[in-house]
Amino acid sequence: MTAQSDELSGPDLAAGVEVSGIAPGQLIAGHAFGEPVLLVHVEPNWFAVGGKCTHYGAPLDQGVLVSETIRCPWHHACFELHNGAASRAPALIDLPSYDVAVESNIVRVTRKRDHGQTKGESHRPRGSCAPERCLFEERPTTGPESVLIIGGGAAGNACAEMLRREAYRGPVIIIDPDPDAPYDRPNLSKDYLAGNAPEDWLPLHPREFYAAQHIEILSGLAATAIDINSKTVHLSDGSTREYGCLLIATGATPMRLDVPGGDRINYLRTLGDCRAIIGKLGAAKTAVVIGASFIGLEVAASLVARGLKVSVAAPETLPLERVLGRELGTLIMNVHQQHGVTFRLGRKVTSIDEKNVALDDGSRLDADLVIAGIGVRPNLQLAESAGLMLDNGLAVNEFLETSASGVFAAGDVARWPDAYSDLRLRVEHWVVAERQGQVVARNMLGNRDRFDDIPFFWSEHYDKLSIRYTGHVERWDEIRIEGDVMKSDCAVSYVVGGKRRAMATINRDRRNLQTEVELETELLLKPPPAVTVEAVEA
Ligand SMILES: Cc1cc2nc3c(=O)[nH]c(=O)nc-3n(C[C@H](O)[C@H](O)[C@H](O)COP(=O)(O)OP(=O)(O)OC[C@H]3O[C@@H](n4cnc5c(N)ncnc54)[C@H](O)[C@@H]3O)c2cc1C
Ligand code: FES
């Protein structure tokens with residue numbers, strides 16, 4: 001995933017273009033005042049917003065228009081066209097927006113709007129938010145006495161930000177033992193590990209953003225216990241914090257492989273883990289990745305980019321077949337092999353010594369560096385000892401409420417009733433975690449928003465292989481393929497009971513996004529599900 005360059009292309013929209021040449025709904029990529037701009041006519045209105053997504057710079061004219069919003073083709077962020085607001089993650093920063101005038105068959109972008117002053121619209125402050133523009137200062141407050149967020153990852157950060165966007169003025173406190181949080185975790189196995197992204201890409205916002213938003217981050221401290229009766233959280237420094245509402249967003253921990261020599265294995269979850277791996281690269285020529293998971297294979301690709309000779313050892317016979325099917329599994333393996341990766345599939349690791357990884361067929365792989373990506377376990381200890389209802393995860397209802405009043409959960413820990421599949425799901429997807437955090441924020445403020453987004457994740461391997469996956473299936477009756485899998489240009493539908501329930505695409509980003517919209521439309525036609533976990537008084 002490479003951030004898009006800032007080159008300007010298309011017409012000069014400040015000079016104007018002919019109205020008669022533009023169809024309703026057409027996405028016009030141009031520029032104005034030296035910036036990329038997207039112009040759209042959604043009858044009867046004209047809109048102009050920034051042309052590049054604020055997440056990773058995708059060209060928004062390749063996205064999909066849904067009513068008066070634009071969705072990003074790469075990771076499905078959603079922006080409001082009337083003011084550029086980033087209304088759904090993973091983009092957390094608004095687009096600039098512009099005034100548009102139409103006169104004598106010419107439409108022109110006339111002025112860049114001043115953020116925060118557009119017809120009283122609720123603009124989310126930008127990453128470099130100046131304190132005087134902070135919503136905290138400008139808006140009245142409603143909601144709980146205070147909000148405590150355990151975990152400053154995808155879900156926790158998104159919740160805190162959304163509370164301020166929704167004009168909540170009470171205390172918002174994030175607790176996290178990781179001194180670097182909140183940061184862009186998916187990048188750890190991709191550009192950052194590959195050496196293509198500087199570390200200053202990783203923070204989700206500069207620290208000044210949190211100060212300006214009056215979001216307090218208790219860095220380096222862990223929550224050690226929750227007392228749901230007294231609404232108190234105990235911290236690792238011995239102190240306690242009371243809460244009005246609580247979010248548990250403690251994420252997950254990599255599963256460990258228990259073999260002789262296992263202390264040589266590196267795991268990748270945190271920025272600290274990634275720095276430690278990068279620190280070992282100088283002396284390493286060979287690496288063994290244990291596990292052909294998404295993270296394992298992304299790590300393999302990044303180590304190849306660093307010039308290492310990489311082997312992947314895993315018990316399955318084809319990478320990712322269980323999630324994506326035989327065709328895509330074969331493609332992914334081929335692409336890695338073309339980059340020089342050696343696969344030792346159907347094999348288990350039996351031991352590790354100073355220079356080698358031994359497999360259960362007696363063979364040994366050269367390994368200056370060993371990294372495992374063999375799955376994660378949700379961090380449930382706090383929830384469990386607090387007596388919250390568990391269900392292979394922390395059980396929540398569609399409003400993301402746990403079984404205790406005022407206590408919510410989101411992200412990798414939460415198992416929720418998925419409206420589309422009718423399954424109770426717990427997934428490990430960045431976008432799902434962020435959007436759940438955003439829904440929790442609104443519900444803490446008294447809304448009753450169901451979390452009913454269609455699950456989405458992506459994965460990147462080398463320059464050529466961008467996988468997008470929309471929906472969720474655990475097994476399927478049939479796979480339908482459009483395009484040519486072996487040319488890395490395809491859309492693969494997973495069909496259950498005659499209906500497409502999920503789609504994976506390779507280099508067909510727009511198709512994936514359109515499918516998300518189609519699945520959402522199907523969902524609208526379904527009757528709302530019953531609430532499945534009632535919030536109960538402790
Ligand atoms: C290397 C890597 C690459 C990934 N790539 C992708 C990708 O390409 N696409 C995708 O969709 N997903 C990807 N994921 C998964 C995605 O990052 C997770 O699904 C997402 O981060 C989950 O968000 P979360 O908020 O639930 O947990 P996290 O982001 O893990 O945040 C949890 C936070 O809770 C903190 N915490 C834990 N215990 C405590 C405690 N007791 N007290 C206080 N704080 C605590 C942790 O320190 C952590 O900061 C990737 C994950 C990794 C590790
Ligand atoms: S680049 Fe737009 S959502 Fe990621």
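At 14% relative accessibility, Arg 113 counts as buried, where buried means under 20% relative accessible area, exposed means over 50%, and partly exposed lies in between (1.4 Å probe, protein chains only). The model is predicted: local features need pLDDT of at least 70, side-chain atom pairs count only at pLDDT 80 or more, and totals for chains, interfaces and linings use all residues. Residues are numbered from 1 along each chain as its sequence is written, chains are lettered from A and ligands numbered from 1 in the order in which they are written, and side-chain values use heavy atoms, leaving out hydrogens and water. Helices (H or I, at least four residues) and strands (E, at least two) are DSSP runs, numbered from the N terminus.

**Two loop residues**

- Arg 113 lies in the loop between strand S10 (106–112) and helix H1 (135–138).
- Tyr 98 is 15 residues from Arg 113 along the chain, and their C-alpha atoms are separated by 5.2 Å.
- Asn 507 sits in the loop between S36 and helix H11 (509–524).
- With 36% relative accessibility, Asn 507 is partly exposed.
- Residues up to four places away in sequence aside, Asn 507 touches Lys 464, Ser 466, Ser 488 and Asp 489; contact means heavy atoms within 4.5 Å.
- The C-alpha atoms of Asn 507 and Arg 468 are separated by 8.3 Å, with the two residues 39 apart along the chain.

**The parallel sheet**

- An open sheet of 5 strands has the order S19-S26-S20-S21-S22, with parallel pairing; two strands pair if DSSP finds at least two bridges between them.
- Strand S19 (265–267) and strand S22 (342–345) are at the edges and have a single partner strand each, so one side of each has no neighbour in the sheet.
- From one strand to the next, the twist averages 25 degrees; axes are lines fitted to C-alpha atoms, for helices over the stretch in contact, and angles run from 0 to 180 degrees between N-to-C directions.
- Strand S20 (residues 286–290) is joined to strand S26 (residues 369–372) by 4 bridges, and the two run parallel.
- Within that pair, Ile 290 is opposite Ala 372 of S26.
- Strand S21 (residues 309–314) and S22 also run parallel, joined by 4 bridges, and Ser 311 stands opposite Thr 342 in S22.
- In a regular strand the side chains alternate between the two faces of the sheet.

**Strand S36 and its partners**

- Of the 8 residues of strand S36 (residues 499–506), 7 are buried, so the strand is largely enclosed by the rest of the structure.
- Strand S33 (residues 465–471) runs antiparallel to S36 and is joined to it by 5 bridges; Arg 468 is opposite Thr 505 in S36.
- Strand S35 (residues 489–496) also pairs with S36 in the antiparallel sense, over 7 bridges, and Ser 493 has Met 503 of S36 as its bridge partner.
- The hairpin of S35 and S36 has 2 residues between the strands, and Gly 497 takes a positive phi near 55 degrees there.

**Helix H5**

- Leu 271, Cys 274, Ile 277 and Leu 281 are the buried residues of helix H5 (residues 271–281).
- They lie on the same side of H5, because they cover an arc of only 120 degrees around the axis; the arc is that of the directions from the helix axis to the C-beta atoms.
- The cover over these buried residues includes helix H3 (191–194), S19, helix H6 (294–305) and S26.

**Nonpolar cores**

- The largest nonpolar core has 64 residues, and among those with the most contacts inside it are Leu 163, Leu 246 and Met 444; a nonpolar core is a set of buried Ala, Val, Leu, Ile, Met, Phe, Trp, Tyr and Cys residues joined through side-chain atoms within 4.5 Å.
- Helix H10 (residues 430–444) gives the most to this core, 8 residues.
- Beyond its neighbours within four places in sequence, Met 444 contacts residues including Pro 144, Cys 159, Cys 245 and Phe 408.
- A second, separate core of 52 residues includes Tyr 183, Cys 274, Ala 287 and Leu 331.

**Cysteines**

- The model has 0 disulfides, a disulfide being a pair of cysteine sulfur atoms within 2.5 Å.
- Cys 245 is in no disulfide, and the nearest cysteine sulfur, that of Cys 159, is 9.1 Å away.
- Cys 245 is buried, at 9% relative accessibility, and Cys 72 is buried with a relative accessible area of 2%.
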